[in-house]
Amino acid sequence: MRAWVVDRPGPMASRPLVAVEREVPAPGPGEVLVRVEACGVCRTDLHLAEGDLPPKRPRTTPGHQVVGRVVGTGERVGVAWLRSTCGTCRYCRRGMENLCPDSAYTGWDADGGYAEYLLAPSGYVYPLPDGPPAERLAPLLCAGIIGYRALARCDLPPGGRLGIYGFGASAHLTAQAAIAQGAVVHAVTRSAASRELALELGAASAGDRPPEPLDAAILFAPVGTLVPPALEALDRGGTLAIAGIHLTDIPELNYERHLFQERTVRSVTANTRADGRAYLELALAHPPRVTTTPYSFTEADRALSDLAADQVNGAAVLVVA
């Protein structure tokens with residue numbers, strides 16, 4: 001089968017992603033073999049390729065927003081970021097499996113969806129309908145799910161004012177979910193195309209800063225220097241949720257300007273399967289507008305390079321089959 005692997009992590013200009021030929025893997029106990037139809041391209045994949053996330057194994061195949069078919073049954077499934085947990089630790093027992101110390105992740109601990117086939121534990125795949133195009137479903141499996149968890153973590157009150165910093169794959173889905181719940185959304189992004197998309201999707205504003213105090217905010221851009229202005233833009237009692245797996249260093253905070261008046265900053269760590277099921281049920285019942293930029297399977301390195309250069313509008317998706 002064809003696959004892409006991270007050979008030597010480094011800037012995309014150094015071509016860390018290389019195409020290889022591999023044997024089709026054989027499923028072990030409790031696993032299914034999935035023939036990949038499409039795989040979303042996530043900023044986490046970029047962090048792995050460029051070395052912001054330390055590789056856990058050599059020459060790993062990235063990708064964790066996979067739509068495909070189970071070989072042997074033909075069932076259509078989604079394979080997402082969370083690959084497995086221990087099921088017995090105190091975090092798993094209290095419904096916080098996303099914090100399991102023994103958790104493993106698709107495209108980091110095990111080969112992911114930048115390939116024609118991948119293996120996945122059967123208990124961690126999501127059933128998907130046959131009708132929608134794979135290209136439209138793929139972003140739901142990470143961009144959608146992590147945005148859903150971030151929206152819950154930022155404690156947005158009903159009808160509240162939400163700031164979204166960075167407006168890529170996850171943000172454009174999260175904005176729609178928030179607006180559907182009655183929120184006023186302000187997008188903060190430097191990209192002209194992303195500003196236009198945010199306004200098309202119903203954002204009240206899109207610019208360099210929110211025009212009014214915010215009840216809550218989500219930081220999707222992996223830029224630590226945005227944390228102080230995002231906190232400063234919060235109204236009293238507001239919460240900032242940081243949704244990325246990687247963030248550059250946060251500058252020094254001033255207590256009075258950034259945290260006083262019970263403003264809160266929270267991280268968002270992966271997701272639980274309950275998050276995934278809840279979000280997919282919502283998204284399939286009320287389909288969001290999914291803006292995608294498709295790439296052929298042979299263009300995986302270009303897709304990540306475009307993502308690194310902020311040249312992707314919406315979600316980048318590799319079309320595999």
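Is Tyr279 buried or exposed, and what is its relative accessible area? Tyr279 is buried, with a relative accessible area of 4%, where buried means under 20%, exposed over 50% and partly exposed in between, using a 1.4 Å probe and protein chains only.

This is a predicted model, in which local features need pLDDT of at least 70 and side-chain atom pairs count only at pLDDT 80 or more, while totals for chains, interfaces and linings use all residues. Residues are numbered from 1 along each chain as its sequence is written, and side-chain values use heavy atoms, with hydrogens and water left out.

The structure holds five aromatic pairs, a pair being two rings of Phe, Tyr or Trp (its six-membered ring) with centres within 6.5 Å, counted as stacked with planes under 30 degrees apart, edge-to-face over 60 and tilted for the rest. The rings of Tyr105 and Trp108 have their planes at 35° and their centres 6.3 Å apart, so this pair is tilted; both residues are buried, and together with Trp81 they form one aromatic cluster.

Tyr148 and Tyr279 form another tilted pair, 5.8 Å centre to centre with 55° between the planes. Because Tyr148 lies in helix 4 (residues 143-153) and Tyr279 in helix 9 (residues 273-285), the pair ties together parts that are 131 residues apart in sequence. Helices here are DSSP runs (H or I, at least four residues), numbered from the N terminus. Tyr148 counts as partly exposed, at 27% relative accessibility.

Charged ends also sit over rings (NZ of Lys or CZ of Arg within 6 Å of the ring centre and within 35 degrees of the ring normal).

| Charged residue | Ring | Distance from ring centre |
|---|---|---|
| Lys56 | Trp108 | 4.0 Å |
| Arg273 | Tyr124 | 3.8 Å |

How values were computed
Helices (H or I, at least four residues) and strands (E, at least two) are DSSP runs, numbered from the N terminus.
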